[in-house]
Amino acid sequence: MQPIKIFTIKRPISKIQYIGEDKIVVIDQLNTVRVFDLTELKLDGGFRINLPENRLFSNSLAISYNGNYLGLTIPQKNKVAIWNLKNKKLAHTVGWHKGEIESVAFDYKNRYMATGGTDGRTHLWNIETGKIVGNLAPHADYVTAIAFSQNSLWCATGSYDKSISITNISSMQFAYKMKIHSTMVTKIKFLKNFLMVSGDKEGNLIISNYTKGKVHKRLPKLPDTVVDFVFDAQEKYIFASTKDKNIFLYDLLKNDIITDKFIKVNSTITCLEFIPHLMYLIIGTADGILYIYDILSDEKELETYIQEKNYANAYQLVQNNPLLKDSISYSHLEKIWEKTINKAQQLLEQNQKDTAEQILKPFMAISSKRMFIQSLLKDFTEFEKFKMAISKKKYPLAYSLANRYPTFKQTSYYQHMEKEWKKAFTIARQLMYNKSKELYIKQILMPFRGVPEKTPIIQSLENEKEIYKLLKQKLTQKKFYDFFELINRHPFLTDLDEYQQALEFGKKLLQAAQNTLKEGNYNKVLQYTKMLEQFPMYQEQAKRLIHKANILANFIQFIAHKEYDKVYEYVKNEPFLEETKDYKHLEAMWENKVKEAEQYSAKGDVEHILKSLEHYMKIKEKLPKIGELIKSAYLYQLLKKLKTKTNDKTIEKGFKNYIKIFGLDLEISDLITLAQKSGRKLDLTNIEEGDKRYWYKNHLPLNIFE
């Protein structure tokens with residue numbers, strides 16, 4: 001595969017980010033920002049940020065998904081510069097770390113930036129205000145990777161301590177810590193369907209369910225450090241890179257590696273980006289080359305191979321680039337194969353083996369097709385015997401040959417034989433209660449006696465006539481439990497039309513249940529699934545649908561009755577509810593109120609935080625988030641006072657009040673150290689230390705110095 005465009009930047013590329021409107025932002029190691037237009041494949045502007053060079057192969061810079069902001073760590077300053085990329089100005093300089101900042105990430109809704117440091121801490125910042133609004137669970141070592149879920153409700157932090165911590169950002173509740181890696185976590189990215197992929201320094205790629213904290217699958221290992229990885233639009237594939245020059249391609253449906261040389265470039269790969277609607281894979285390298293690949297550019301080559309009837313190269317191309325299976329050209333190729341096989345079978349039926357071999361010849365160089373063709377040709381060496389058996393109505397021999405050579409079942413002769421069987425059997429069923437027709441029934445079924453799969457049915461017509469009446473009755477009455485019990489006792493009944501009708505009804509029933517679940521008609525879902533449970537092959541699916549329907553029905557009732565504690569508890573236990581319209585509506589209202597409260601928190605205004613969020617104070621799940629905002633407001637009150645000539649007793653009182661409410665946490669410890677270093681005399685002994693989990697049980701002063 002050849003790139004459709006190459007840009008030479010001359011300096012190592014640190015980050016590539018798609019920002020919408022067919023544009024990407026590219027940052028080089030010297031912090032030059034470039035915007036590229038993917039429609040016209042040209043440079044579309046940029047500027048230079050005068051900061052020390054950033055670190056390659058790290059997560060120390062990030063670009064917001066709307067392209068408005070860039071978060072860039074400032075080496076040796078323990079801070080991050082937030083640049084407004086639209087007006088090319090510094091928006092904020094933030095930092096509350098006691099060491100270098102190792103990782104930066106923005107959420108998908110462009111509200112927050114998270115920073116992780118060598119101190120093991122992760123802080124959450126409001127991008128608009130540049131103020132801290134929350135603190136995530138600390139790690140025992142450097143925080144090396146951060147990522148947000150696609151709905152921005154969850155945040156994952158990875159560390160040098162080999163663990164990944166998961167926090168619900170909406171509630172600021174710590175969920176759990178996953179110790180699934182054997183070395184430093186280098187990269188984390190979220191998938192849909194509550195899955196997450198994480199990579200580490202030893203090349204491990206692990207898929208986890210982030211709502212349950214369990215490993216879903218361990219992918220085949222990369223040979224070196226996981227530098228970056230991206231997904232295609234449907235999340236069927238992973239494009240991954242190490243510090244090598246190759247792109248590794250993984251199949252997410254099979255959880256296996258397809259190739260370790262999907263794309264090879266001439267320099268060490270530093271970062272990747274994938275543009276779903278354009279199907280562009282963009283690669284940045286250590287020698288400053290930006291490669292833009294159209295993943296489906298091979299389709300033109302595929303079409304050329306098809307036109308030239310060079311099917312071996314066509315299928316080899318698809319094997320190397322399985323994304324082509326979604327292309328029109330590949331569908332065309334598969335139709336050609338099907339038509340060729342059908343034509344070859346017709347020719348073989350007519351004893352024109354040489355001609356059949358000739359039209360199949362273009363496919364003989366393809367190993368998977370060659371095996372099928374060889375089997376087909378071998379089978380047809382006995383085809384004349386098969387035809388002769390049918391023409392003389394020696395059906396036991398004909399069926400025996402068809403079972404030995406399965407390709408015969410695709411022929412018109414076999415279809416004719418089956419049609420004769422169905423015709424005879426239908427007549428026999430219609431006449432089986434007429435004693436005067438018993439001899440006639442035996443005569444029309446006689447050619448099929450001795451056929452193993454037909455004999456039990458013929459015998460049952462003679463000895464167990466009521467079975468057929470009962471089977472039809474159960475189908476008509478939709479008593480499928482009894483219907484399948486009857487089938488289970490008499491397996492030969494699966495050959496009947498009634499069985500196929502039941503299966504078709506079951507499929508439609510399942511589809512209807514799934515559709516009504518999406519529509520929110522939960523009572524109708526329960527009606528469908530009650531019947532669906534009678535189908536042995538759909539029992540597990542029915543149970544899952546019933547479970548979801550009951551959960552959703554209760555969920556709607558809780559919302560209708562404004563029992564929000566139960567609503568959020570339900571969502572916590574059943575994460576799929578996050579994707580419902582009702583929950584998204586609730587979250588949107590909550591987010592609007594939080595946004596308002598965060599503005600007050602940045603000013604240290606506790607009174608208006610409490611007023612903004614007063615309706616949420618009774619919801620247990622939201623208390624940690626509210627507590628973080630109040631805590632941040634108090635911290636900013638203290639920080640502001642520390643910069644003035646306020647007397648030490650007042651400062652001391654503020655610290656004591658804070659510790660009584662939230663305990664002696666890391667953030668207040670930082671401020672105490674700062675105060676003491678500036679020469680303040682503080683007596684902080686014999687303080688009754690509070691617990692931040694129960695902050696709401698305390699009296700909350702509007703001013704921490706009260």
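The lining of the largest cavity comprises four nonpolar, two polar and four charged residues, where Ala, Val, Leu, Ile, Met, Phe, Trp, Tyr, Cys and Pro count as nonpolar, Asp, Glu, Lys and Arg as charged, and the others, Gly among them, as polar. The model is predicted: local features need pLDDT of at least 70, side-chain atom pairs count only at pLDDT 80 or more, and totals for chains, interfaces and linings use all residues. Residues are numbered from 1 along each chain as its sequence is written, and side-chain values use heavy atoms, with hydrogens and water left out.

**Cavity**

- The lining consists of Arg111, Tyr112, Ser152, Ile169, Ser170, Glu587, Trp590, Glu591, Val594 and Lys625; a cavity is a set of points on a 1 Å grid over the protein atoms alone where a 1.4 Å probe fits but cannot get out, and lining residues have an atom within 4 Å of a point.
- Helix 17 (residues 581-603) supplies the largest share of this lining, four residues; helices are DSSP runs (H or I, at least four residues) numbered from the N terminus.

**Packing of helices 12 and 13**

- Helix 12 (residues 480-489) packs against helix 13 (residues 497-519) at an angle of about 135°, their axes being 12 Å apart; axes are lines fitted to C-alpha atoms over the stretch in contact, and angles run from 0 to 180 degrees between N-to-C directions.
- Helix 12 is therefore oblique to helix 13, given that angles under 35 degrees count as roughly parallel, over 145 as roughly antiparallel, 65 to 115 as roughly perpendicular and the rest as oblique.
- On the helix 12 side, Phe480, Phe483, Phe484 and Ile487 meet Glu498, Tyr499, Ala502 and Phe505 of helix 13, contact meaning heavy atoms within 4.5 Å.
- The residues of this contact divide into seven nonpolar, no polar and one charged.

Key: Helices (H or I, at least four residues) and strands (E, at least two) are DSSP runs, numbered from the N terminus. On a 1 Å grid over the protein atoms alone, a cavity is a set of points where a 1.4 Å probe fits but cannot get out, and a pocket is an open set with protein on both sides within 12 Å along at least five of seven lines; lining residues have an atom within 4 Å of a point.
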